[in-house]
Protein chains: 2
Amino acid sequence: MEIACFIEAADRHCQQQGVKLTALRRQVLELVLSYPGVVKAYQVLADLQKQRGIAAPPTVYRALDFLVAAGLLHKVDALNGYIVCHHVGCSHEGLILVCGDCGQVEELDATPVLDVLRQQAGGAGFAISQQNLMLTGRCKECRT
Amino acid sequence: MEIACFIEAADRHCQQQGVKLTALRRQVLELVLSYPGVVKAYQVLADLQKQRGIAAPPTVYRALDFLVAAGLLHKVDALNGYIVCHHVGCSHEGLILVCGDCGQVEELDATPVLDVLRQQAGGAGFAISQQNLMLTGRCKECRT
DNA sequence: TTCTCAAATGTTACGGTATAACAAAGTGAT
DNA sequence: ATCACTTTGTTATACCGTAACATTTGAGAA
């Protein structure tokens, strides 16, 4: 059970940061983890409703926001979705590749390329903040 | 009047591509141009309604989609907004810097960095599609 | 010209995404 | 126990985007 392992790591991660991974937040995290790729807020909401009877949008959005802020999830703006961060505790700027066909996600280290970007942007007087790079394309399987 | 000049260039660009910059599309483009930075679809819709009395969402979304497809606008997913492309006719993958404070946008050439990204992603079997890079940070003025 | 077809636009209605605002319940410190 | 604070519940609503079908427009063929 890989999920349990991730949750444990997430727990430690939150403790280190001095924030609380409450029961609700843990539950939402588990739901996101149960999907192989990108998940939408309202899917999570539906799952949550199955598990606890009722739940409203703010409940799930707040939990998702927390998890993103804690670095446990990433938001995929282009798809209005969320994915699990596979580099919790690591360097922590991700290069996130989303397959437009199957929705699968791959996450690489973005530090080298962000260094280059920071330099290029700096030339224009622009200071890039900490963030992930999100790119779409086609994965190995879908490319065949 | 810089707008007129841009519209002219856009016109030529569309003719070259064999697509039509109709009156409506031109009007929408002008409205987007009238803003300094990111514009939202419903802002454009409101402006359009002021100018021609009535207009419904599909009208403006279709025009915006066309303009994005034609390479005259970029969509800023993170903000649900649109910006003018300042590199019409150029290489044409943009590195778009959005200032989180003032909303101003700067657009650089993304080809060099995307080359690097394509190589890195290729190592993971991932084929990145044509697209823009969108980064947030703080611009020169807001940094002082 | 007139017809025809395809592209563009108009119109209605709806579904998906997200947040404001306030109430209630939990948590921890003194 | 009570106070301050964080988290969660609840209601309502605002914002974003598109499906589906009707109508108009324009370019080319008969």
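User: How many residues of chain B are in contact with chain A?

Analyst: A quick note to start: this is a predicted model, where local features need pLDDT of at least 70, side-chain atom pairs count only at pLDDT 80 or more, and totals for chains, interfaces and linings use all residues. Residues are numbered from 1 along each chain as its sequence is written, chains are lettered from A and ligands numbered from 1 in the order written, and side-chain values use heavy atoms, with hydrogens and water left out. Taking contact as heavy atoms within 4.5 Å, chain A puts in 29 residues, and the number from chain B is 29.

User: What area is buried between chain B and chain A?

Analyst: Buried area here is the accessible area (1.4 Å probe) that two parts lose on being put together, summed over both. Carbon and sulfur atoms give 66% of it. In chain B, Gln120(B), Phe126(B) and Leu135(B) lose the most, together 23% of what that side buries. The total comes to about 2600 Å².

User: How many residue pairs are in polar contact across the interface of chain B and chain A?

Analyst: A polar contact is a pair of N or O atoms within 3.5 Å; within protein, one must be able to donate a hydrogen and the other to accept it, and residues adjacent in sequence count only if both atoms are side-chain atoms. For polar contacts, with both residues at pLDDT 80 or more, the count is eleven.

User: Which element gives the most residues to the side of chain B that touches chain A?

Analyst: Helices (H or I, at least four residues) and strands (E, at least two) are DSSP runs, numbered from the N terminus. Several of them supply at least two residues each, including helix H5 (111-122) of chain B. The top contributor, with six residues, is S7(B).

User: In S6(B), which residue is the bridge partner of Arg138(A)?

Analyst: Two strands pair if DSSP finds at least two bridges between them. An open, mixed sheet of four strands runs S5(A)-S4(A)-S7(A)-S6(B), and strand S7 (residues 133-138) of chain A pairs with S6(B) in the antiparallel sense over two bridges. The partner of Arg138(A) is Ala127(B).

User: Within chain A, what area is buried between domain 1 and domain 2?

Analyst: The bounds, from an automatic or database domain assignment, are 2-84 for domain 1 and 94-143 for domain 2. Their centres, taken over C-alpha atoms, are 22 Å apart. Carbon and sulfur atoms give 68% of the buried area, which is about 610 Å².
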